[in-house]
Amino acid sequence: MANPIKLQINGKEYETTARPDTPLLYVLRNELELNGPKFGCGLQQCGACMVLRDGEAIPSCRLPISALTRSKIRTLEGLIDEDGNLHSVQQAFIDEQAAQCGYCLNGMVMAAVALLEKNQKPSDEDIREKLTINICRCGVHSRVIKAIKKAALNS
Amino acid sequence: MKNTRRDFLKQIGYVSIGFSLVGPFGFAAGGEYGQPLQRTLDKNKVDAWLQLLEDGRIRIYTGKIELGQGITIAVKQMAAEELDTDLSLIEVAIAETGVTPNEGFTAGSQSIESSAMAIRNAAAFAREAVLQIASEKWSIPTTQLKLKNAKIFGPDKEVSLYQLLEGRQIEKTIHEVQQYRGKSIRKYVGRPIPREDIEAMVRGRQVFVQDLRFKNMLHARVVHPPSYRSTLVYFDSSEIKKLPGLIKLIRKGNFLGVLAAQEYEAIRIMEQVKGFVRWDSSRGDQLPAGKDLEEYIKMLPVETETNENIGSPETVLQQSTSKVKASFFKPYLMHAANGPSCAIALFEEGKLHVWSHCQGAYPLRGTLAKLLGMPEESVHVKGVPGAGCFGHNGANDVAAEAALMALEYPGRHIRLQWMRDDENGWEPYGTAMAVELEAALDNSGTIAAWQCDVWSDGHSNRPNGNPNTLLPAYFLEEEYGHPGIGYRGGAYRNTVPYYKIPNITVRSHMFQGPLRASSLRSLGTYTNIFAIESLMDELAEKAQKNPLEFRLSHALDQRSVDCMQQLKTMVKGVSKERDEGLGFAFSRYKNSASYCAMAALISVNTDSGKVRVKKMWAVVDSGETINPDGLKNQTEGGMIQSASWALKEEVKFDAEHITSLDWNSYPILRFPDTPEVQVEVIDRVDQPPVGAGEATQAPATAAIVNAIFDATGIRIRRLPVDPELLKAR
């Protein structure tokens, strides 16, 4: 068995014995039992599996854990504070009811959090551009844009 | 039977930290799976729909499944209203065999019309029943009693419903109730009450079947063949068995699956197995690659039926000097769920348990039992939400494949999630269709005659008891035959225009097409209304009338008029720039459900021919509105999805198989290109509530193509819109 790999996930250190080429997504879902990141395509085309790597939103479905030993990973669950309070983006998604099936929601929230960290007052165009990778089949795009603008106002 | 926390934990399997036990997110119901609840499933009985819980709360059972359409909150609102009970005291259990009533499929925008209405009636009747029981018990007239928050209040006493019935359920036969509180009081109904599952989603709780975890669960993947009719001629089992991590290789005829303890191992093994197998794909028909699909489907053998014949359209058309004729085509479209289909199956002590995001737990159970040669009673299917499916996608198929593997590896939960190419390559598509229309105007510019011919494959091959409605039937040794055309009505749905027209003929020509086909959101309505509303625009042009006024002058009823008038107000003041167009459309889904008037503002890039839908407006009348925000959400989503179908989507294939296997080869609209959408609802409390989930699909595309004409003078008759047609010459 390979040497364990140390990862920093949601502020905690985690050691895994998974194969070094295992994409982060499977470690998050199956070892850490996190439900936020979802398998959507396994091809980095849809964004359902997005996480924050050092603050940048990226798909985790092809990201080998061996490349992440120096990275800080944050997932949807890691946006919630210790008292259970939601991040302003999470709250705005509830307020705007910005979901139908909700399978894509994780990626949209993560992309939005990354956007707002760099741009506190994004325009519609900024939001559309940033969320280009995020596929939504149900068509909640308009609500998501509203939610992100609302989160920007509230944060 | 009491539903204890222990049972509940067993029911949902492994519960991760932070998972809420109070959530209605598809899990909060049912009994321990090995030991079915002693529940009546008789839809005529109150307790089939409504259960009084020991903690004083009430559980509602719906035979429908939550697909993101918001049925859970709608059902809850309707029950809360009739029982005058706070929403927090009501939970909802979704489709599960042996637990919820059998309500067939969650399809055709019927969740509100059938399930929610049955629950409303059961709850209203239950209200009368419990007041009567309390009245008899306390010898107090019902007029002095009140039901509120799942308690009965008398002049100087109160008791929970559970205590009142001393642990029994309301086992009475339901009679139709004359008056619903939902029609008059509307404390819960008709209000935009937020869905509770969205908070669960943003918190990363277990919501989806993909999120279920069981102790010692194994991960499965399937090695699908290169084509529908490929046969497995060779596989090197000794090499395959050496693959690290493989727990079991399962071969049944041409079905090949692998089991591993780790999900990524299962994926790697599946990919490596492809190098150790050989398929023969020479048998059977090749797909009609490179052919004009519109011509091809019209040349296939057909079974023709006349579906409508009013007056004498042929004579009128022959004699008319003012006619418009056009042909329309729509390609195969895929459901393309964002989350690939997934199921978990466990075979234990002779019983098969399946967790599935299927649209019909009972129909899947019956069909699975046939496929596996098991008695129906030995199969248990529990509905759990999945990614939005928009019709019959791979949900049942993946469940059948997981079940096949579970039978080969008893005692362990087998989780199978399809890869993206499995989903895109094997789901049953919405069929390609062609429509030919001809219409005549009289001297006053009014439509005098209408003739429609529609070519279509079937629109429903849902699990129906015949194993050939499940994908593995293609692969197993036994010959199950082609499922055939299936439900014909989907093809000519909405072929009769919802307008005043004195002479109409509709003929449908059913073919059996080259690709696997079944129900996709709105079935044939999408293509039929695209054609009708395009022709209405052409007729308006010929009659030299404003397109919206032309429709209004042919409106069948006041509700149609109201929708179109309100739309007119919404778009008043919209200004068009150069190369922009504004288009309109109207339809009433199934000619009996929701009304929808639609407008679209588009712009055309004359260099690239690319169309951008900038904004869309819709007015919907779905009768009585249960949850206006839910209705708007469904409508907005339908508009954006329809814009994607119109501009981007087409299932492509070569001679062997589907080639649209990922989001690059099956592109859909993404954020930079999705329209802004605005929806207004006409709430008609005096009318029955009707389904709305499919009502916008067709008029949205029709409004877009009419807007393209407005901008360019070019009529779009084939979908998806071809930018080549729109480049400046």
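I began with helix 1 of chain A and listed its buried residues: A:L24, A:L25, A:Y26, A:V27, A:L28 and A:R29. Helices (H or I, at least four residues) and strands (E, at least two) are DSSP runs numbered from the N terminus.

A reminder to myself: this is a predicted model, where local features need pLDDT of at least 70 and side-chain atom pairs count only at pLDDT 80 or more, while totals for chains, interfaces and linings use all residues. Residues are numbered from 1 along each chain as written, and chains are lettered from A and ligands numbered from 1 in the order written.

Six of the eight residues of helix 1 (24-31) are buried, so the helix is largely enclosed by the rest of the structure. I then looked up what those buried residues pack against: strand 2 (12-16), strand 3 (51-53) and strand 5 (72-74) of chain A, together with helix 9 (263-273) of chain B. Just after the helix, I noted A:E33 with a positive phi of about 55°.

Next, the contact between the chains. I found 49 residues of chain B in contact with 46 residues of chain A, contact being C-beta atoms, placed from the backbone, within 7 Å. On the chain B side, helix 19 gives the most, with eight residues. By class, that side has 20 nonpolar, 15 polar and 14 charged residues. Here Ala, Val, Leu, Ile, Met, Phe, Trp, Tyr, Cys and Pro count as nonpolar, Asp, Glu, Lys and Arg as charged, and the others, Gly among them, as polar.

I stayed with helix 19 of chain B (628-648), which packs with helix 20 of chain B (697-712) at about 55°, axes 8 Å apart. The contact is made by B:G638, B:M639, B:S642, B:A643, B:W645 and B:A646 of helix 19 and B:Q697, B:A700, B:T701, B:I704 and B:V705 of helix 20. I sorted these residues into seven nonpolar, four polar and no charged.

Last, the largest nonpolar core, with 276 residues, where B:M598 and B:I704 are among those touching the most other members. Such a core is a set of buried Ala, Val, Leu, Ile, Met, Phe, Trp, Tyr and Cys residues joined through C-beta atoms within 7 Å. Leaving aside neighbours within four places in sequence, the contacts of B:M598 include B:F584, B:M616, B:A700 and B:A703.

Methods. A residue is buried if 20 or more other C-beta atoms lie within 10 Å of its own, exposed if 12 or fewer, and partly exposed in between; C-beta atoms are placed from the backbone. Two residues are in contact if their C-beta atoms, placed from the backbone, lie within 7 Å. Axes are lines fitted to C-alpha atoms, for helices over the stretch in contact, and angles run from 0 to 180 degrees between N-to-C directions.
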